[in-house]
Structure formats: C-alpha cells, structure tokens
Amino acid sequence: MTAVAGARTPTAGGRRIADHGTWFLVLPALVPILLLSVGPLLYGILLAFTDAQSGRTAATRWTGALNFRDLLHDTLFWESFRIGLVWAAAVTVPQFLLALGLALLLDQDLRLRGLARALAIVPWAMPEVVVGVMWRLVYNPDAGVLNETLRDLGLGDGRDWLGGLATALPAVVVVGVWAGLPQTTVALLAGVQNVPRELNEAAAVDGAGAWRRFCTVTWPALRPVALAVTALNLIWNLNSFALVYVLTSGGPGGKTRLPMLFAYEEAFRYGQFGYAAAMGCVLVAVVSVLLAVFLAGRLRGGDEA
C-alpha cells in the first residue's frame with residue numbers, strides 16, 4: 001500500500017523528542033517515589049547487612065548475613081510473626097464479610113441512604129492515633145463504656161480488656177476491624193454499583209431469590225474487586241503499627257507484639273538498627289510474596305477470561 005499523500009512519517013528524532021517529553025511529565029511523580037520510597041528501602045536493605053547501632057562510636061562494620069542467621073534462631077521474633085499472621089487474618093476476614101453486608105445494604109433504595117453512607121465512612125476520616133485513644137477510653141477497666149455497660153446489665157464487674165493475656169489480642173482485633181471497615185465498604189460498594197441492574201431484574205423475573213441472585217449475578221462481577229481489596233487489606237494489616245502501638249504497645253507480655261512493633265523496639269528502644277533492618281527485610285519479602293501470588297492469580301484469571 002502507498003502512503004497517504006501529505007502524511008508525515010515520524011522520524012527517529014521526533015520519537016526521541018516525544019520520549020523526552022514523556023519523561024519530563026513523569027518526573028514530578030517519579031522523584032518523590034525514588035526519594036521517599038525506593039531510596040529508604042535500599043538503604044534499609046543495606047543496613048540489614050551491617051552491625052549498625054545507636055550511640056556507637058566505632059565505625060559500622062559489614063557483617064554479611066549474620067543478622068539474618070541470628071533472626072532464624074530468634075524465637076521472640078517468630079512468635080511476633082505468628083501473632084502478626086493471626087492478627088492479619090482475624091482482622092481481614094470479618095472486615096470483608098461485614099463490609100460486604102454493609103455494601104449490599106447501602107446499595108438498596110433506603111430512606112436516608114446518603115446519610116447512612118456518609119456515617120459509614122466516618123471512621124475512615126479519623127487518624128489511627130485518635131482511633132486508638134478513643135478505644136482505650138472504651139476499654140478503660142474503671143470507667144470505660146464497655147465495662148459500665150456490662151455492670152449495668154449485671155454481666156459482671158468488667159475486666160481489663162487491653163491488659164489481660166487472654167483478651168488483649170481479641171480486643172485489639174475488634175478495633176482493627178472497626179477502623180478498616182469503611183474503606184473496604186466503599187470499595188465493595190463501588191463494585192456492587194457496577195453490576196448491571198438489568199441482570200438482577202432479569203434473574204428476579206426468572207424466580208431467583210436474593211441469595212441466588214447474589215451467587216449468580218452479583219458475586220461473579222464483584223469477585224475481582226473483592227480479591228484486590230482482600231489482598232491489600234491483608235498486606236496492610238500485616239504491616240500495622242500505629243493502632244496497636246497506641247492501644248497496647250505490644251503488651252501484655254508480648255501478646256499483641258506485631259512484627260512491626262518488634263522491629264520498632266529493636267531499633268529505637270535497644271538501638272539495634274542493623275538487626276531491626278533485617279526484620280524489615282523479612283517483612284518486605286513476605287509482602288512481596290503475597291503481592292506476587294495475588295498478581296499471578298489476577299493474570300491467570302485474566303487469561304481464563
């Protein structure tokens with residue numbers, strides 16, 4: 001075929017100019033990522049292979065994989081890692097189920113639906129420190145709302161929810177579910193609203209009940225959003241720090257000491273920066289594996305589609 005008259009074929013010089021222009025537009029977003037994310041990450045990985053400590057007058061030495069070898073035999077760290085996995089799963093699963101139910105409810109044509117949606121995202125606007133302080137007041141063993149309610153109902157004299165070995169982790173999990181519920185609800189509500197209503201109406205005309213319509217119409221369309229939200233919540237909860245730190249600081253007896261709290265204590269309480277950086281590298285590796293599994297599942301699902 002002959003070229004259209006008057007049309008210009010892009011030259012190599014023109015492509016180079018376009019490439020430079022593209023990089024010029026990307027740089028404002030790329031530079032902060034390199035400075036604030038990639039740079040500290042690389043520095044932390046480098047620090048994990050040294051004996052860096054706070055207040056040390058001698059020069060920092062390269063120790064190779066010594067910190068990682070010590071970490072393999074650190075039972076306290078692996079216990080905190082187990083607690084972190086329990087915490088992440090115990091928060092993510094009920095968080096998703098409650099958010100799914102709330103999203104389906106808020107999608108209905110109810111009175112004051114706009115107000116209900118606004119109230120549902122209020123916890124999302126609250127900083128984690130504020131949420132932690134508020135729930136510490138709720139759990140206060142002497143004058144907390146929870147214990148006062150139990151006393152009024154004649155269900156006992158109350159207890160120290162955040163100070164008890166058996167109740168600290170469940171109490172913190174409840175706060176984690178409450179704090180993370182709004183953003184999960186918003187994401188799932190957006191997914192539910194993208195389901196064509198004509199499909200639900202057609203299924204209803206065919207005699208399908210609410211559960212059947214959810215299983216055959218709503219869930220297949222919502223599943224990609226649900227998988228993405230669940231994966232991100234699992235990663236986010238595994239990396240939790242501020243909320244648990246404000247509530248219990250890892251106590252009592254380490255029952256709520258998540259991996260991030262353990263690394264924080266090693267770095268800023270005991271001054272073991274190199275060892276804490278090695279813990280951070282392990283957490284980054286775990287998160288990377290979770291992301292790889294999620295992306296592999298998404299790509300496989302896309303190929304099957």
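The close-up views below come from a predicted model.

**View 1. Helices H8 and H9 pack against each other at an angle of about 150 degrees.**
Helix H8 covers residues 197–205 and helix H9 covers residues 210–238. Their axes lie 10 Å apart. H8 and H9 are therefore roughly antiparallel to each other, and H8 passes H9 in a right-handed crossing. On the H8 side, the contact is made by Leu199, Asn200, Ala203 and Ala204. On the H9 side, Arg213, Val217 and Thr218 take part. Sorted by class, the contact of H8 with H9 has four nonpolar residues, two polar residues and one charged residue.

**View 2. Arg197 sits in helix H8.**
Is Arg197 buried, exposed or partly exposed? Arg197 has a relative accessible area of 48%, so it counts as partly exposed. The side chain of Arg197 makes a polar contact of 3.3 Å with the side chain of Asp107. From Arg197 to Ala90 the separation is 107 residues in sequence, and their C-alpha atoms are 33 Å apart in space.

**View 3. Helices H5 and H7 pack at an angle of about 135 degrees.**
Helix H5 runs over residues 128–138 and helix H7 over residues 168–193, and their axes are 11 Å apart. The angle makes H5 oblique to H7. H5 passes H7 in a right-handed crossing. Which residues meet where these two helices touch? From H5 come Val131, Met134 and Trp135, and from H7 come Val174, Val175, Trp178 and Ala179. By class, this contact of H5 with H7 has seven nonpolar residues, with no polar and no charged ones.

**View 4. Helices H3 and H7 cross at roughly 40 degrees.**
Helix H3 spans residues 75–106, and its axis comes within 6 Å of the axis of H7. At this angle H3 is oblique to H7. The crossing of H3 and H7 is right-handed. The residues of the contact of H3 with H7 divide into 22 nonpolar and five polar, with no charged residues.

**View 5. Gly176 is a residue of helix H7.**
Gly176 has a relative accessible area of 6% and is therefore buried. Leaving out residues up to four places away in sequence, Gly176 touches Trp87, Val91, Gln95 and Leu243. Gly176 and Glu128 are 48 residues apart in sequence, while their C-alpha atoms are 9.7 Å apart in space.

**View 6. Ser240 lies in the loop between H9 and H10.**
Is Ser240 buried or exposed? Ser240 counts as buried because its relative accessibility is 9%. A polar atom of the Ser240 side chain lies 2.9 Å from the backbone oxygen of Asn237. Residues up to four places away in sequence aside, Ser240 touches Trp87, Leu258 and Met260.

**View 7. The loop between helix H10 and helix H11 holds Pro252, and Ser249 also lies there.**
Helix H10 covers residues 242–247 and helix H11 covers residues 259–269. Most residues other than glycine have a negative phi, and most peptide bonds are trans. What kind of peptide bond joins Gly251 and Pro252? The bond is cis, with omega at about -10 degrees. Ser249 has a positive phi, near 55 degrees, and is a residue other than glycine. With a relative accessibility of 35%, Ser249 counts as partly exposed.

**View 8. Thr256 is also found in the loop between H10 and H11.**
The relative accessible area of Thr256 is 1%, so this residue is buried. The side chains of Thr256 and Thr248 are joined by a polar contact of 2.6 Å. Which residues surround Thr256 as contacts, leaving aside its neighbours within four places in sequence? They are Ile83, Ala168, Leu169, Val172, Val244, Thr248, Gly250, Gly251 and Leu261.

Key
Residues numbered from 1 in each chain as written. Predicted model: local features only at pLDDT ≥ 70, side-chain atom pairs only at ≥ 80, totals over all residues. Heavy atoms only, no water. Axes fitted to C-alpha atoms, helices over the stretch in contact; angles between N-to-C directions. Helix = DSSP H or I, 4+ residues; strand = E, 2+ residues; numbered from the N terminus. Parallel < 35°, antiparallel > 145°, perpendicular 65-115°, else oblique. Left-handed = near helix turned anticlockwise from the far one by under 90°. Contact = heavy atoms within 4.5 Å. Nonpolar A, V, L, I, M, F, W, Y, C, P; charged D, E, K, R; others polar. Buried < 20%, exposed > 50% of the residue type's maximum accessible area, 1.4 Å probe, protein only. Polar contact = N/O pair within 3.5 Å; in protein donor to acceptor, adjacent residues only side chain to side chain.
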